[in-house]
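Hi,

Here is the structure I promised to pass on. Have a look at it first, and then read on for what turned up.

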Amino acid sequence: MIQRTYSTLLYVCAFVNAVLFSLIIFNVDPQSAGFVGFFLFYSTLYLWLFGFVYGISMMIYKRFFGEHRAFVSVQMVTRQSMLVGALMSGLMILQSFSLLTWYNVILFVAVISLVEYLFVSKKVFYARKSL
């Protein structure tokens, strides 16, 4: 029950962030907004991407693995959604500073992949340690 509430709350937050993101796009002048506008734009973008990727991932898990398996893997889906949101937002930040080149993309993807690997290996390490 808690996972269903968590998912529902995350969907609502993603919708609210999508509305806030669209309000920022249509009402904030990027030339005069400064750091606050920059921060609001990318933070709402990240939160919307996080919720969107989470929703799509949960739908895929429910479709292919069933309801129970989808809610067992909420922690993994949340972590991967955060990382994909960070990847997309980070690439957009690099593009805004004209730093988006192929080697920066490869480096950024490698860093995100390393973080995911560290999370997975930490879980395996603690599983072995408890044996």
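Predicted model: local features only at pLDDT ≥ 70, side-chain atom pairs only at ≥ 80, totals over all residues.

One term before we start: contact means heavy atoms within 4.5 Å. A second one is helix: helices (H or I, at least four residues) and strands (E, at least two) are DSSP runs, numbered from the N terminus. And a third: a residue is buried under 20% relative accessible area, exposed over 50%, and partly exposed in between (1.4 Å probe, protein chains only).

Residues are numbered from 1 along each chain as its sequence is written, and side-chain values use heavy atoms, with hydrogens and water left out.

The protein chain averages 88, and 92% of the residues score at least 70. Helix H3 (residues 67–72) has the lowest mean among the elements, 76, whereas helix H4 (residues 74–96) has the highest, 93.

Now the overall picture. The chain has five helices and zero strands, so the order from the N terminus reads α-α-α-α-α. Its C-alpha trace spans about 55 × 35 × 25 Å along the principal axes. Of the 131 residues, 27% are buried. Take the contacts with a separation of 6 or more: 67% of them are between residues 24 or more positions apart.

Let's start with H1. This helix has 26 residues and reaches 37 Å from its first C-alpha to its last, close to the 38 Å expected at 1.5 Å a residue (the expected span is 1.5 Å times one less than the number of residues). Which residues of H1 are buried? They are Ser7, Leu10, Ala14, Asn17, Phe21 and Ile24. Their cover includes helix H2 (30–65) and H3.

H1 also has another side to show you. Val19, found in this helix (residues 2–27), is partly exposed, with a relative accessible area of 35%. Together with Val12, Phe15, Val16, Leu20 and Leu23, Val19 makes a nonpolar surface patch of about 520 Å². Patches are made of residues with over 30% relative accessible area and no salt bridge: like charges are joined within 9 Å, nonpolar side chains (Val, Leu, Ile, Met, Phe, Trp, Tyr) within 5 Å. The areas come from the Shrake-Rupley method with a 1.4 Å probe, and for residues only the protein chains shown count as cover.

Is Ser89 buried or exposed? Ser89, in helix H4, counts as buried because its relative accessibility is 5%. It touches Tyr42, Leu45, Tyr46 and Leu49, leaving aside residues up to four places away in sequence. Ser43, in helix H2, counts as partly exposed because its relative accessibility is 22%.

Happy browsing!

Definitions and conventions:
Salt bridge = Lys/Arg side-chain N within 4 Å of Asp/Glu carboxyl O. pLDDT = per-residue confidence, 0-100.
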